[in-house]
Amino acid sequence: VFLGNGPSGICLSYLLSGYIPYFKRDSLHPHPVLQRKLEEAPDVSILDQDLEYLSEGLEGRSHSPVALLFDTLQRPDTDFGGTAESVLTWWHETDRAIPHLVLGRNAPGGAWHSIEGSMVTLSRGEWMGLPDLPFKDWLKQKRRGLRNNRATAEDIAQYYQHYVVRKGLQKNFRCGTVVTSVRKVSAESISSHAQKDLQENSDSLWNFNERSTEVFQVDGFFKTVKGDKEPFSIYAENVVLATGTYDSPTWLGVKGENLSYVHHQLSALEEAVKNNSVGIMSDPVLIVGAGLTAADAILFAHHCNIPVIHVFRRRVTDPGLIFNQLPKMMYPEYHKVHQMMKEQSAACAGPYERYVSLPEHHVLSFGKDKKCIFQDKNGYQKVYKISMALVLTGSNPNLSFLPNNGIDLAMDSGQPVNPKRNPIDVDPFSYECTQEKGLYALGPLAGDNFVRFVQGGALAVASSLLKKANKNPP
C-alpha cells in the first residue's frame, strides 16, 4: 500500500506493475565509469543490480546516490544543458508485477492539483517527466512548447493524470481516500475473514501467513460521490509513505496569527483579488518569507498593482537564500524579485513602486485593528497598517496517521519530521525506514524535494520489494 499519489507514488506504481528497466544496448553514457559498469551485466535489469555499486562516485544536485543514478540513466547530461537520450529501455514483464494500491486524496498527481494552474515550475520541464514518457513529447502532442524550458503547474497535473492512464496503472489507484491510521498488528489478530480476502487477492506479497508475524493495518475512509465517508481497513506487509509536504503550512507562532486577515496559503491572495477585497487603493498586503512561494505572491501582487510590505529574516546576500542559487537567465522573474528585495528596503526608496522590503526583520504580533508590529535585528520596532497578511514560510508534512506523528522515524527523533531539516531516516539503497522494517518513505519525507530526484527512491523501493517477494530472476 502506498500513501500518496504524487510523482513518487506514480513512479513506484509503474515499476511495480512489471515495467523493468534495462541498459539499452549500444548506448553510450557520458560518464565512462558508469558506462563500464553498465556493460558488465547488460542482460540483468537495473532493478536486480547492486544499486550501491552502480551509484558509487556519481555527483550532482542531490544527496541521494540512487536519485543521482536513476536521474543520470534517464537524462545523461542534462546538468550541462545536453539533450542526450535515456540509456534505459523498458520491458513489460507481467510475471514480475507486485500487487499494490496507491491511496490519494486527489486525482493522480498529488499536490500538483492544489497549485495555481498558471504558476510556472522552478524546475525545467523535462525534469518533471516520469519514466518512458518524456514530458516534452507529451507537450508536443498538445501542440505546445515550453516557456523558457519551464512548464505550468496545470500542464504537469494533466501530464501525471495522462501518464497513469497511458501506462495502464488506473487499477492500482484509489482517489478520494483519507488515511487516518497506520499501525503494526500481529498477523494472528486479523480476523479469518480478512486473512481469506488477502490470500485470494494474490499469491505473492499479500500471502504473509507463513512468513510474517506482524503486518500493517491501514485505516481510513473513501469519500463517495454523494459526499459520504465509507470506512476501510487494509492489511499489508509493506507500506510506502509518499505523502509529500504540502499538507500543513508553517505558522510563525506569534500573537494574533489566528485572526481572519492572516493567511498561510497563496490562494488566499488570489481569492481576495477575485472578490475585490484588496486592490490598488488598499492598505499594503504583508508577505512574510523569502522562498519561492513568497516570491510568487510578490509577483502576483505586483502584476495586480497591489502594494506590498515584504518581511523576511535573512540578509539579502545570504547564500542560503534560494534566489542566490538560481541562474538569472533561466529564472528572470525570480531574479526581478531578488532585485526588488535588494533595492527597495524601507531605508532607501528604489525604482519599484508599491513594494517595501524589510530584510532581517520578523513579525512580533498581529493586531485586531490590522496593525502589525515588526522588529529588526537591533531590536527596533515598526508598526504598519495592512489589509491582509500572507505567511509563506514553508510547509510541514501531516503524519498524524502514524504513532507519535512519525517523530520516532525521523533522523532526530526528538523533533518533528521536516523535509529540509529533519527527514525520515531511511536506508539510502532501499528507502526502508531504519526504525520500522516494512515501512518505506519516498520524496520530500525522505529529503528528496524535486520530482527529478524522487524517482531514484522509487527505484530503490521497487528493488527492495522485488527481493522480498522473490520476484528476482536467478
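Visitor: Why is Phe-173 called buried?
Guide: Phe-173 has a relative accessible area of 8%. Buried means under 20%, exposed over 50% and partly exposed in between, with a 1.4 Å probe and protein chains only, so Phe-173 counts as buried. The model is a predicted one, in which local features need pLDDT of at least 70 and side-chain atom pairs count only at pLDDT 80 or more, while totals for chains, interfaces and linings use all residues. Residues are numbered from 1 along each chain as its sequence is written, and side-chain values use heavy atoms, with hydrogens and water left out.

Visitor: What is Phe-173 in contact with, leaving aside its neighbours within four places in sequence?
Guide: Its partners are Asn-5, Ile-10, Ser-13, Val-102, Pro-108 and Val-164; contact means heavy atoms within 4.5 Å. Asn-5 is 168 residues apart from Phe-173 in sequence, and their C-alpha atoms are 7.8 Å apart.

Visitor: Why are H9 and H10 called roughly perpendicular?
Guide: The axes of helix H9 (residues 292–303) and helix H10 (residues 332–343) cross at roughly 85 degrees. Angles under 35 degrees count as roughly parallel, over 145 as roughly antiparallel, 65 to 115 as roughly perpendicular and the rest as oblique. H9 and H10 are therefore roughly perpendicular to each other.

Visitor: What makes strand E8 and strand E10 the edge strands?
Guide: The open sheet has the order E8-E9-E10, with antiparallel pairing. Two strands pair if DSSP finds at least two bridges between them. E8 (177–186) and E10 (229–236) each pair on one side only.

Notes. Axes fitted to C-alpha atoms, helices over the stretch in contact; angles between N-to-C directions. Helix = DSSP H or I, 4+ residues; strand = E, 2+ residues; numbered from the N terminus.
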